[in-house]
There are 2 protein chains.
Amino acid sequence: MTYCVGMRVRDGLVIISDTRTNAGIDNISTFKKLHTLCEDDERLIVCASAGSLSTTQSMLSMLREGLSPNPDDGPDAPRRTVENMPTMFRVAQLVGEALALARRGIAATLHGTEINSTVSLLLGGRIGDGPLTLYLVYSEGNFIEVQMDKPYAQIGELKYGKPILDRALHWESPLDEAIKVGLISFDSTMRSNLSVGLPFDLIVIPSDAEGPVVRRRIPEDDPYFTWLSAEWGRLLNEARQQIKDPPFLSERA
Amino acid sequence: MTYCVGMRVRDGLVIISDTRTNAGIDNISTFKKLHTLCEDDERLIVCASAGSLSTTQSMLSMLREGLSPNPDDGPDAPRRTVENMPTMFRVAQLVGEALALARRGIAATLHGTEINSTVSLLLGGRIGDGPLTLYLVYSEGNFIEVQMDKPYAQIGELKYGKPILDRALHWESPLDEAIKVGLISFDSTMRSNLSVGLPFDLIVIPSDAEGPVVRRRIPEDDPYFTWLSAEWGRLLNEARQQIKDPPFLSERA
């Protein structure tokens, strides 16, 4: 299993992903799920993946090789890559096409088994002065753009960690706050699903194109996350104690 | 969708269920999902259901009519009912058998459609001086008994409301506290899934067989739940503000 959350707030884009993979519950490994698709002077484009590791790797290889040129672009058109797409929207289309191709290839080899070949993605980044954009790409290759009204998207084991995002994350949340809320969401998920685990990968891309991009691996023994996890548990416990008891038992007379 | 939670703590048994059903998202109704299977001087046995309403109603009708006598019990054996089972374990077996029968009947009529005929149940109660028992009955008819180490079971839309139960509910939790934690779990679920909604049905059966059984319907405008929902949101907000910001951005220099 996997859990990844992408947050597109006013000040920038934050993606956090876990790194635990499992083939059955007795075969657990660490794999990086946050991939850099393109990074040069003009563009920074990353994606996080949840689902079949073989479909994901196949898709990433296809994108590196480039997809067949579009016949409409003439006989000498180059292969289509993340590097030569003009907009983030066109990148999302290309990634969706590669994902659908990879999935169909893998699904054919898995026919008759119960092994799942689906993958969903968080795709984010920016090209030149274009807008900083976050997409949720479904396993069929279609996608939606994350927008202000609900400034986040999740893939993988998403339900345990969704309530805190719904309550606490807003378009106006500062980047520090978004990271904090994202990590609380991970803490809730890890407590209820053992197949989501540390280390986490974090990337922060500020809306200000001149601002610094931050990349971190948050390790098993990260002092901040360890403290956050204990402190959040303590504060929730205190909050619960402050809720007065229900009247339903005392009214029974 | 449905959400029901059953809690078996030292002082007794609490079951809370919502009442919202939907056939598609444009056909939403209120149906009672907390059913009394048997109530007399000797026994009180209830169940809450999640899943196909037609399978549930079919199962309840079968249990009222009684299942065919067991051939081993001789030619004059009565039909098997919740009323004439000697133990809660035997009641759970009977309910599981009725559930599997009902599901098979409905599934046959639904063959070729994508409509789901499965149902899962929380089954709780007591016979005479026997132990107060809570079972989680799966749609295949097998079941597990809820025990001290994890003193709750959920059916339906369970993930959103699970973290608070994992953190806060213990065997030693008083009944008032269990109801409170259960309602917080409902509050989180309702915020993330619109198909779970008020009114709720609540039953509390104390471990002390002489203690009063409490039944309540918690309506849309219940003042305690309305207050709890707002207060819990406020306290979570305060708790989040008390968590200091992560160091990941400031360490970037």
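Ala153(B) counts as buried, with a relative accessibility of 3% (buried means under 20% relative accessible area with a 1.4 Å probe and protein chains only). The model is a predicted one, in which local features need pLDDT of at least 70, side-chain atom pairs count only at pLDDT 80 or more, and totals for chains, interfaces and linings use all residues. Residues are numbered from 1 along each chain as its sequence is written, chains are lettered from A in the order in which they are written, and side-chain values use heavy atoms, with hydrogens and water left out.

Back to Ala153(B), which sits in strand S10 (residues 152–156) of chain B; strands are DSSP runs of E, at least two residues, numbered from the N terminus. Leaving aside neighbours within four places in sequence, Ala153(B) touches Cys4(B), Val5(B), Gly6(B), Leu122(B), Leu136(B) and Val146(B), a contact being heavy atoms within 4.5 Å. Ile15(B) is 138 residues away from Ala153(B) in sequence, yet their C-alpha atoms are 9.6 Å apart in space.

What about disulfides? A disulfide is a covalent bond between the sulfur atoms of two cysteines. As for burial, Cys4(A) is buried at 0% relative accessibility, and Cys38(A) is buried with a relative accessible area of 3%.

Key: Helix = DSSP H or I, 4+ residues; strand = E, 2+ residues; numbered from the N terminus. Buried < 20%, exposed > 50% of the residue type's maximum accessible area, 1.4 Å probe, protein only.
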